[in-house]
Amino acid sequence: MGIEKFDVFVIGTGTAGKSVAKECVEAGLKVAIADNREFGGTCANRGCDPKKVLVGLTEILNRSQNMLGKGIEKMPEYSWKDLQDFKKKFVDAVPAATEQDLEALGIKMYHQSPKFLDESTISVEGKTVKFDKLVIATGMKPLELPIPGRELAINSDDFLELKELPESMIFIGAGYIGMEFAHIAARCGVEVTIVDSEESPLSNFDEDMVKYLKESSEELGINFVMNARVEEIEKLQKNLRVIADQNGKKLELKARCVVNAAGRVPSIDELELKQGNVDFSKRGVLVNKNLQSISNPNVYACGDVSASEGLPLTPLASQEARVVTANIMDLERPHEYDYPPQPSVVFTLPNVASVGLSEKQAKEKGYDFRVKMNDASDWFNSKRINDKVYAYKTLVDNETNLVLGAHLVSNEASETINMFVMAMCGKLDCATLKGMIFTYPSWSSDIKSMI
């Protein structure tokens with residue numbers, strides 16, 4: 001059999017990869033796509049979507065707890081097994097449905113991670129394949145802990161598939177994955193400890209908003225062990241033991257289950273990028289503003305795997321995919337991606353959400369700005385559900401009166417932050433926002449009191 005050649009070869013079947021493949025084949029190009037895991041990508045199979053289904057239960061439990069004695073007489077009973085069965089309704093059909101869609105479009109599918117042989121050739125499923133353009137959209141995967149006993153820990157993928165919850169869990173890592181899954185476990189009655197080498201959780205989010213979340217988490221029963229570097233995991237008769245160094249002091253923590261929530265890294269180690277002359281860093285494939293490899297012009301990267309200005313977010317991956325497709329279709333006129341404000345959310349309860357600049361970033365960029373920060377727990381939206389955590393911090397440019405950044409903590413911060421995104425993208429100044437009529441009482445209407 002001869003060497004097959006494709007106009008476009010896509011690696012990765014998540015949001016970004018599927019989008020590029022579909023648009024290219026619909027434009028008449030010969031397209032192939034490959035994935036070494038189930039088709040459909042991280043978000044739909046083992047990320048955002050199934051996680052949010054589990055979070056849905058904790059929202060009910062949290063709301064019920066807050067309203068005990070105020071209309072709720074007793075906490076609702078729940079079944080983790082039934083919840084997992086419900087979650088499967090969203091997840092199980094994704095791989096087959098994705099493959100059916102791609103097959104119907106005439107896209108050739110490979111079920112293996114390709115390896116570069118040279119700048120325009122890869123090896124996949126034992127076959128040598130040529131390409132004109134190749135798109136890397138492999139996303140990220142859990143970071144492997146560089147410690148003895150790492151194989152004893154489960155990761156976020158495994159957590160989502162737990163048939164039952166253990167009595168106790170230790171989460172290594174206080175980033176958004178560790179915090180979100182720890183909250184799910186704790187609200188379902190698990191004794192939870194979070195260990196992290198940083199001074200506080202969620203170092204990428206506003207420090208003041210995170211303080212509210214940490215205090216709320218501790219009230220929930222979560223134990224934080226900060227400034228502690230995990231050195232080893234050991235198996236005992238019933239438990240696992242985590243050995244950590246905290247400022248020179250040896251700590252030993254025990255739990256039935258240990259979760260590696262230390263973060264995610266670009267999924268590129270199987271691709272043999274050096275053989276394809278594709279430069280990369282710890283952040284992913286190095287790209288220019290056109291999302292084109294800085295070293296191999298035949299290669300593009302989009303989504304979480306690209307070392308671009310974009311955050312590792314599914315909506316951002318979709319936008320980057322459009323830019324890559326535009327560049328493949330229109331080689332005479334390079335298309336750059338002008339990154340809009342990118343909101344980020346931690347789906348704990350309360351949520352922590354952020355968009356735009358932090359105070360430090362605003363100072364570094366030389367803005368003359370004002371900061372408005374308040375505890376809003378006595379506002380109606382918080383009081384009506386008997387919730388004690390609601391706060392905000394906004395940064396406004398004194399010259400233009402435009403919002404530079406917004407940082408929120410509340411049960412509905414994930415929704416409210418979108419109002420700030422619209423204001424920033426639409427360049428709506430504070431006077432315009434205050435002059436708008438919003439539904440009341442609603443969480444969105446609170447934005448007018450935050451600026």
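Predicted model: local features only at pLDDT ≥ 70, side-chain atom pairs only at ≥ 80, totals over all residues.
User: Which strand does β1 pair with over seven bridges, and in which sense?
Analyst: Strand β1 (residues 4-11) pairs with strand β6 (residues 127-136) in the parallel sense. Strands are DSSP runs of E of at least two residues, helices are runs of H or I of at least four, and both are numbered from the N terminus. Two strands pair if DSSP finds at least two bridges between them.

User: Which helix goes with β1 and β2 in the β-α-β unit?
Analyst: Helix α1 (residues 15-26), and the unit is right-handed. That means that, with the strands pointing away from the viewer, the path from the first strand over the helix to the second runs clockwise.

User: Helices now. At what angle do α3 and α4 pack?
Analyst: Helix α3 (residues 48-66) and helix α4 (residues 80-91) pack at about 145 degrees, with axes 9 Å apart. Axes are lines fitted to C-alpha atoms, for helices over the stretch in contact, and angles run from 0 to 180 degrees between N-to-C directions.

User: Which residues of α3 make the contact?
Analyst: Pro 50, Val 53, Leu 54 and Leu 57, against α4 residues including Trp 80, Phe 86 and Phe 90. Contact means heavy atoms within 4.5 Å. The contact residues divide into nine nonpolar, one polar and one charged. Ala, Val, Leu, Ile, Met, Phe, Trp, Tyr, Cys and Pro count as nonpolar, Asp, Glu, Lys and Arg as charged, and the others, Gly among them, as polar.

User: What is the strand order in the open sheet of five strands?
Analyst: β19-β20-β23-β22-β21, with antiparallel pairing. The edge strands, β19 (344-346) and β21 (369-375), each pair on one side only. The twist averages 5 degrees from one strand to the next.

User: How many bridges between β19 and β20?
Analyst: Three, joining β19 to strand β20 (residues 351-356). Val 352 in β20 is the bridge partner of Val 346.

User: Which strands does α12 lie across?
Analyst: Helix α12 (residues 413-425) lies across β19, β20, β22 (391-397) and β23 (403-410), at about 170 degrees to β23.

Technical notes
Residues numbered from 1 in each chain as written. Heavy atoms only, no water.
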